[in-house]
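Here's a quick tour of one model, written for someone who likes to know the cut-offs behind the words. Have the viewer open and follow along.

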Amino acid sequence: MTETDFLPSDYINDVKEGSVSYKSPSNIALVKYWGKKENQLPQNPSISFTLDACATTTKVTFNKLEKLDENFSFDLWFEGKEKEDFKPKINTFLSRIEIYIPFLKSYHFKIETSNSFPHSSGIASSASGMSALALCFMDIEKQLNPEITADFFNKKASFLARLGSGSACRSIEGDLIQWGAHEQTEGSSDLFGIKYPYEVHENFKNFQDTILLVDKGQKQVSSTVGHNLMHNHPFAAERFNQAHTNLNKLKSVFKSGDLIEFIKIVESEALTLHAMMMTSMPYFILMKPNTLEIINKIWEFREKSNSHICFTLDAGANVHVLYSENEKAIVNQFIKDELVVFCENQQYICDQIGFGAKKL
Ligand code: PMV
C-alpha cells in the first residue's frame with residue numbers, strides 16, 4: 001500500500017453531530033524505533049507488546065459547522081479541565097492528517113481525554129493518546145462512509161496515529177505489533193503497524209510488564225529531538241541494520257519460545273537505544289542512577305533464581321520489567337523486596353500484554 005491508498009473516496013452520508021469514545025493502550029517496544037525520516041516514517045522496523053492497563057480514554061463530540069472553517073475548530077479537555085497548552089500538538093496532528101480525513105474543518109470538536117496511569121508518572125502518553133484520537137476520527141469517517149472494512153479501518157487508524165506519534169501506530173491492535181518495512185516479514189510497512197504474522201510460542205502469552213517509575217519528572221530531551229539526532233549520527237547505519245537482524249532473530253525466538261535468546265535481544269535493544277542517546281551530538285543521558293541500580297539487581301536476581309526476568313527501557317529513566325506469567329509470584333515478591341526502593345515515591349504499575357484499543 002502507499003500513502004494515496006489512504007486518501008478517502010467520496011463520503012456517502014451527511015452526519016450533523018455525534019460523539020464517539022475509544023480506549024487505547026500504550027505499548028512497549030522490544031526492538032526499538034529510534035530515528036525517523038520525513039512524515040514520521042521510521043528509519044528501521046520495530047516490534048512491541050501492546051499493553052493493557054496503561055491506556056488513554058478519549059471522547060470526541062462533533063457538531064457540523066454552518067460553513068467550512070479556515071482553522072481547525074476544537075476544544076481540548078484533559079482529565080476534566082480545559083487544557084490550552086496541549087492544543088498546539090493536536091493542531092499539528094490535525095494538519096498532518098487533514099488530507100486523509102478532509103472532514104476535519106467541517107466540524108467543531110470537543111476532545112475529552114484522560115489517562116489510566118497517574119498524571120506526570122513519566123510514562124509517555126503519546127502512543128495511547130494519539131491512537132485513541134486517531135480511532136475516534138476513523139469512527140467518524142466510517143459514519144460518513146459505512147463501506148470501510150474492518151481491516152482498512154485498523155490500517156488507516158494506525159496510519160493516522162503514526163502521523164501523531166510514530167510508536168502510536170503500534171497501539172491499535174495487539175498483542176504483538178510490528179511496524180516498519182522488514183524484508184523477512186510479509187505485509188510489513190513503514191506506513192502502519194501490522195499484527196505479527198508468524199507463530200508465537202505459549203511462553204509469550206500473557207507476558208507481564210511491571211513499570212518501575214524511577215523518575216516522574218519531565219524528560220530533559222524529547223523523543224522528537226532524540227529521533228532527529230540520529231541524522232548524521234556516527235553509528236546510525238549500523239544501528240538500523242542491527243534492528244533488522246534482531247527482528248530476524250526474534251522470529252525464531254517467538255517460534256521456539258527460547259527465553260534466554262529473547263532476553264539477550266530485548267536487553268541489548270534497550271541499552272543500544274540509550275547508547276545512541278549517549279553517542280549523539282549533542283549527547284544526553286535519560287537513565288538515572290536508580291535505573292542502573294535496578295538493572296544490576298535484575299541481573300543478580302536472574303542469576304541466582306534461574307528465572308527469565310528481564311528489562312527494557314523506553315526514552316526515559318523508568319524500567320519495564322518483563323517476565324512470563326508463570327514467574328509472576330516470585331518476580332512480584334522480588335520487586336517488592338528489592339526494586340521498589342529505587343522508585344520515586346515507591347510507585348510502580350503492574351501491566352501485561354493487551355489486545356488493542358476498544359470502542360466504548
Ligand atoms: O513515538 P515516539 O516518537 O515517541 O518514539 C518512541 C521511541 C521509543 O519509545 C524510545 C521506542 C519505541 O519504539 O517505542
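Predicted model: local features only at pLDDT ≥ 70, side-chain atom pairs only at ≥ 80, totals over all residues.

Helices here are DSSP runs of H or I with at least four residues, strands are E runs of at least two, and both are numbered from the N terminus. Residues are numbered from 1 along each chain as its sequence is written, and side-chain values use heavy atoms, with hydrogens and water left out.

Let's start with Ala 132, which sits in helix 2 (residues 126–144). Is Ala 132 buried or exposed? It's buried, with a relative accessible area of 0%; buried means under 20%, exposed over 50% and partly exposed in between, using a 1.4 Å probe and protein chains only. Skipping neighbours within four places in sequence, Ala 132 is in contact (heavy atoms within 4.5 Å) with Tyr 22, Ser 24, Thr 56 and Thr 58.

Ser 24 has Thr 56 in strand 4 as its bridge partner, while Tyr 22 stands opposite Lys 359 in strand 14. Strands count as paired if DSSP finds at least two bridges between them. Here are the pairings of strand 1:

| Pair | Bridges | Direction |
|---|---|---|
| Strand 1 and strand 4 | 13 bridges | antiparallel |
| Strand 1 and strand 14 (residues 358–359) | two bridges | antiparallel |

Eleven of the 15 residues of strand 1 are buried, so the rest of the structure largely encloses it.

Next, the nonpolar cores: sets of buried Ala, Val, Leu, Ile, Met, Phe, Trp, Tyr and Cys residues joined through side-chain atoms within 4.5 Å. The largest one has 43 residues, and Phe 103 and Phe 137 are among those with the most contacts inside it. Helix 2 gives the most to this core, with ten residues. Apart from it lies another core of 29 residues, including Leu 51 and Ile 263.

Finally, helix 5 (residues 236–256) has 21 residues, which at 1.5 Å a residue should span 30 Å, and its end C-alpha atoms are 31 Å apart, which agrees. The expected span is 1.5 Å times one less than the number of residues. Among its buried residues are Arg 239, Phe 240 and Leu 247. Ala 237 and Glu 238, on the other side of helix 5, are exposed. Gly 257 follows helix 5, with a positive phi near 80°.
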